[in-house]
Amino acid sequence: MPIAMLNLADHRSVDKTAIYRTEHNSVENYSAAIANFSLRKAIALTLPLLFCSGLSAADAKPTAIDSAMYFQADVRDAGYCSMRLVNGQLQAFNRDNGKPISNPAMTCPDMFSWKLFAEVVQDKFWSNWADEQQNWPAQPYPLCQSGQTPAANACCRPGDATNSTSHCPVFPGQRFAPQLKAFASAVGEKATAQARSKELNRHTRIPFHHQLNSLHQPAPADMLKADGSGTPSCNAVPQNGRQVDLVPAILKNFKPADAQSVGRIIRQTNAELTIRNQAFHDYLFRNNLYNADGALEVFFANQANLQQQAPYHGAEVAAGAGKKGQLFKIDFPFDAVMIKSNWVHYQLINALGLPADSTAYASKYLSTQINLAAIGLSDDPKAQCNLQGPHYLVAFHISSKDTPNWVWTTFEHINLPGRCDTTGCNDAYGYRSADVRPSGTADNYVKPNQQSDKLNDSSIVFRPDAGYPLEKPRPEWQQLLAQLKIGTTADQDQHEPSPADSAWLNYRLKGSQVDFVTATGRPTMLGNSVTEAGFMDGSSCVSCHARAGVAGLGQKPGDKIPDGTATKHFLALSVFETSLSDFGYFRSHHGIPRSEWYHRDNNSRPELEVLQLDFVWGFLNAQPVVTNK
């Protein structure tokens, strides 16, 4: 019996898509189908361990992993956390006495994460928000000064409809509102053409690579590449004087048999779309932070303030129409939000063996960059193509400036087999854990799958990519989703999601984070099985992003940044450290930041080494100002 159940538990031996489609054909029953399959799998995962040990479910004792996970499984929301819809807005209140909760981001971080989820979905973040090339243009014009205009002076002026869309920051929800409205109702080839248009094309990129560590300085040309019009479609790659369809070969070659995890494969082969809301975008634009020169000016202002005016901090001057502001630090407004989202081409989903029902995912027409040399399809190390078509959203981070160190939260699709691996999943508000738990315990935590290592002196270890039983919504959140009209209808449009798509019901909270350490000094952890695949065991969103900074690197105020060196100013502190995971991937930092990263102490006074960029790694895209002669 144990052997048979172990075989059943192996998700690779079961055609889950077939189960969904044959037993449950309607969209309404899709979640129930996953729940039934996942429950059978959960039983299959649990019973062999119990039978082998001779224990019943009631007698099972915590494993060493369970004991270690106790500190990751803390209930992060106060017991009285609740939300209600008031004039179309979600408001946090104390369910015990009805009073408003003054700081729900800290008191109820999981509930606040779902509030963010609802708000960004309603705002159609995937199309309305600015991507990284729209926040930080590749060849930025200077900010317009008093009396200057974009047309006459080749400069950028916040709010001006005549700004160059190639050289100035652009917020699509504002600048391209008519095109977005038409796109929402377009179908077929017309929708495809609009998705690929200059105005609506989303600039996705390859993820951060291992080069971003303290041992290497990446070449600027290899940094954060966004797919451009010059890259051929994978359906028509020029080879030996003719166009070749390489998609079949890509699908065959992209999945190594010995990959660390499905999440790692996805991480390195997805369309990663990082975008910011209008509050973020406007602060960046108004304060001349959309270019490397402007960010470096803040470094020099802070440095002079420290050396010449200590202990008093410089009084910041807000930028106005035609008037340049003066910043001594970078501090985004409380309503700034940024999102990193991972979208996978539908054919790659099929090749991975994941359930591929298009109605199960938020779907958008995008492009994935394929490095043809990396997967053995070209001898040219620079050979690339764009794999274009419908992409399925599988994971996304949301970061909100509602607290000084930002609120960090991450979501994963229920079909990701490793979504609760390593750290488990923690949600005290939206969905209940389906774990078989001792009576009287909280239902917030899904523990990571485990198995025996089957050695002579055996240990219980992690069991990666085995899948998880489906968590069911708590009544309050289910009711709010219905009131917000999120996930209420089935939508077959694969070019553009809608807030009403039923697919939004298939995303789960992995966890939330609001501080570097707990009250007892333990480092907090948060990672996504896709975004942090390969180094999730030491991942902390807030700690990693605390290292985002800008450094002077020997330059003086007013010096021109040499061509191709802007990135070095923003990588004085690397993304990754020289710590390695068991698989050899570099880890990012976790725990409290170190003061010596930012300031050098000496016998007279401290000197600024690195100015923190308010946790925003996106400044790696910032380029020096160009002038149109």
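Which residue meets the side chain of R474 in a salt bridge?

Analyst: This is a predicted model, in which local features need pLDDT of at least 70, side-chain atom pairs count only at pLDDT 80 or more, and totals for chains, interfaces and linings use all residues. Residues are numbered from 1 along each chain as its sequence is written, and side-chain values use heavy atoms, with hydrogens and water left out.

The partner of R474 is D443, and the N to O distance between the two side chains is 2.8 Å. A salt bridge here is a side-chain nitrogen of Lys or Arg within 4 Å of a carboxyl oxygen of Asp or Glu. D443 sits in the loop between β12 (431-432) and β13 (445-446), and R474 in the loop between β16 (472-473) and α18, so the pair ties together parts that are 31 residues apart in sequence. Helices (H or I, at least four residues) and strands (E, at least two) are DSSP runs, numbered from the N terminus. Both D443 and R474 are buried; buried means under 20% relative accessible area, exposed over 50%, and partly exposed in between (1.4 Å probe, protein chains only).

The structure holds 19 salt bridges. Another of them joins R95 to E476, at 3.9 Å from N to O. R95 belongs to the loop between β2 (89-94) and α5 (104-107), while E476 is in helix α18 (residues 475-484), 381 residues apart. R95 is partly exposed, with a relative accessible area of 43%, and E476 is also partly exposed, at 22%.

Helix α18 has buried residues as well: W477, L480, L481 and L484. These residues lie on the same side of α18, because they cover an arc of only 105° around the axis, the arc being that of the directions from the helix axis to the C-beta atoms. Among the elements that cover the buried residues of α18 are β1 (81-86), β2, α6 (109-122) and β12. Just after α18, K485 takes a positive phi of about 60°.

A further salt bridge is formed by R202 and D131, with 3.4 Å from N to O. R202 is in the loop between α12 (188-195) and β4 (237-239), and D131 is in strand β3 (residues 130-131), 71 residues apart. R202 is buried at a relative accessible area of 4%, and D131 is buried at 0%.

Key:
Contact means heavy atoms within 4.5 Å.
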